[in-house]
Amino acid sequence: MSQHAVHRLKHLLFTLVKRGILAFFAVQATVIATLVTIDTVTRHRRVKRTRFPHPGTFQSQVARADMRLYTFGEDLYRDMLHEIETAEHLVLLETYIWKNDEVGQKFLDAVNGAARRGVDVYVIYDGFANLVVPPAFYDFHPSVHVLRFPVFRASILFTNVRGTGFDHRKVLVVDDRVGFVGGYNIGSLYATQWRDTHLKIMGPSVWDLRQAFANMWNSNRKTGWGRATRAILPEISANFWEPRIRAVNNIPSNLVFPTRGVYLDAINRASRHIFITTPYFIPDQQILDAILAAARRGVDVRVLIPETSNHVLADWLSRGFYTDLLKADVSLLLYENAMIHAKTATIDGEWSIVGTANLDRLSLTGNYEIGMEIYDTDLAGDLERIFEIDSSNCRELTLKEWGSRHVAARFSEAVLAPLRPLL
Ligand SMILES: O=P(O)(O)OC[C@H](O)CO
């Protein structure tokens with residue numbers, strides 16, 4: 001073959017590959033646009049989804065800590081606001097979403113009120129998650145120490161992944177005496193219309209939450225180009241070691257993502273049952289393999305997810321895993337007619353985690369997250385009871401039903417699969 005012919009063939013191949021890639025992106029964009037349009041139309045037609053079982057609150061004692069699990073936003077917010085309103089010296093509040101609605105206003109008033117009484121108040125909220133909220137809403141008392149975690153950080157220019165990640169945590173610590181952590185953001189929608197789970201801790205382990213907040217604050221207190229303009233939040237020693245209760249912190253700037261590791265370890269160790277609740281289920285290959293392997297060795301694996309969440313794309317990416325899961329005998333429990341946003345897991349009646357991380361890439365290897373990893377049969381029992389009540393609002397998907405879905409659905413799952421690492 002002449003050199004000219006080789007050149008022409010190369011050019012032709014290059015053009016074909018280029019056009020193929022562009023065509024794939026065009027198909028992908030069309031699928032996304034179609035799904036979003038269908039979702040928007042059906043969402044508006046849907047009646048308000050407020051009817052779902054309320055498992056209630058559950059109390060237990062783990063080591064020297066009093067634990068309370070919340071499963072309804074109104075109950076949680078009432079207690080959180082009460083703690084802020086009666087704080088005596090320190091309030092630390094960190095949230096991913098802080099809506100400018102009735103509930104958001106109550107929290108704003110509560111922290112401002114505490115600051116007026118002379119309480120030291122520190123708040124952190126995520127800049128990206130609240131881009132839709134008018135900045136004027138965040139009208140803090142002048143003595144409140146505020147960090148709006150920036151969408152873009154200078155370090156992203158120099159240190160790659162260390163400068164990425166949203167602050168996805170939801171933490172409240174009051175007077176080093178009481179701490180809250182879990183799935184609840186701050187907003188009226190979450191008070192009554194979403195099923196979520198949060199944990200209150202009273203006792204020495206509140207230190208773990210305080211330390212997580214202090215680390216976040218002190219690592220980001222510099223503004224502009226290195227000028228320190230925010231106060232240091234003193235870090236204090238723990239004075240105790242409690243292996244049964246541990247905060248698991250994802251800190252992208254330190255390149256540590258232990259949440260993924262503790263999930264993997266616990267799943268791999270399971271011998272009887274694994275009950276996972278998550279709003280967005282887009283596991284990476286190792287997490288998926290661990291779940292499938294557990295089910296194949298006879299562990300009763302149940303994954304509880306919303307049938308329809310608030311993120312249509314996340315739902316469709318999640319569906320791409322259903323066939324493998326169902327074939328391995330994983331029970332897929334689809335929470336009906338309401339959004340479930342809890343990020344919890346409990347294994348073998350021994351190990352549990354309650355936190356802020358979803359089972360997706362953004363949470364497991366992307367964002368600032370925190371969860372409490374707890375070894376305790378009573379607390380695991382409470383989470384199992386909650387799981388059982390939530391399950392009563394689910395329908396279990398069968399392989400037969402899933403196998404009979406429309407060819408367009410299969411096509412959409414396949415076309416969207418390459419987007420999994422993005423979410
Ligand atoms: O990011 P999460 O898990 O706090 O969920 C927040 C909702 O998706 C807001 O749209």
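Author: Helices (H or I, at least four residues) and strands (E, at least two) are DSSP runs, numbered from the N terminus. The model is predicted, so local features need pLDDT of at least 70 and side-chain atom pairs 80 or more, whereas totals for chains, interfaces and linings use all residues. Residues are numbered from 1 along each chain as its sequence is written, and side-chain values use heavy atoms, without hydrogens and water.

Reader: Which residue in E9 stands opposite Arg-68?

Author: Strands E2 (residues 65-70) and E9 (residues 198-202) run antiparallel and are joined by 5 bridges. Opposite Arg-68 in this sheet, E9 places Lys-200.

Reader: Which element gives the most to the lining of the largest cavity?

Author: A cavity is a set of 1 Å grid points where a 1.4 Å probe fits but cannot get out, with lining residues having an atom within 4 Å of a point. Strand E13 (273-277), strand E17 (344-347) and H12 each give two or more residues to the lining of the largest cavity. Among the lining residues are Leu-383, Ile-386, Phe-387 and Asp-390. The most, 4 residues, come from H12.

Reader: Where does the largest share of the lining of the second largest cavity come from?

Author: The second largest cavity has a volume of about 60 Å³. Strand E14 (300-306) and helix H9 (312-319) each supply at least two lining residues. The largest share, 3 residues, comes from H9.

Conventions. Two strands pair if DSSP finds at least two bridges between them. On a 1 Å grid over the protein atoms alone, a cavity is a set of points where a 1.4 Å probe fits but cannot get out, and a pocket is an open set with protein on both sides within 12 Å along at least five of seven lines; lining residues have an atom within 4 Å of a point. Grid points are joined across faces, edges and corners, and a volume is the space filled by probe spheres set on the points.
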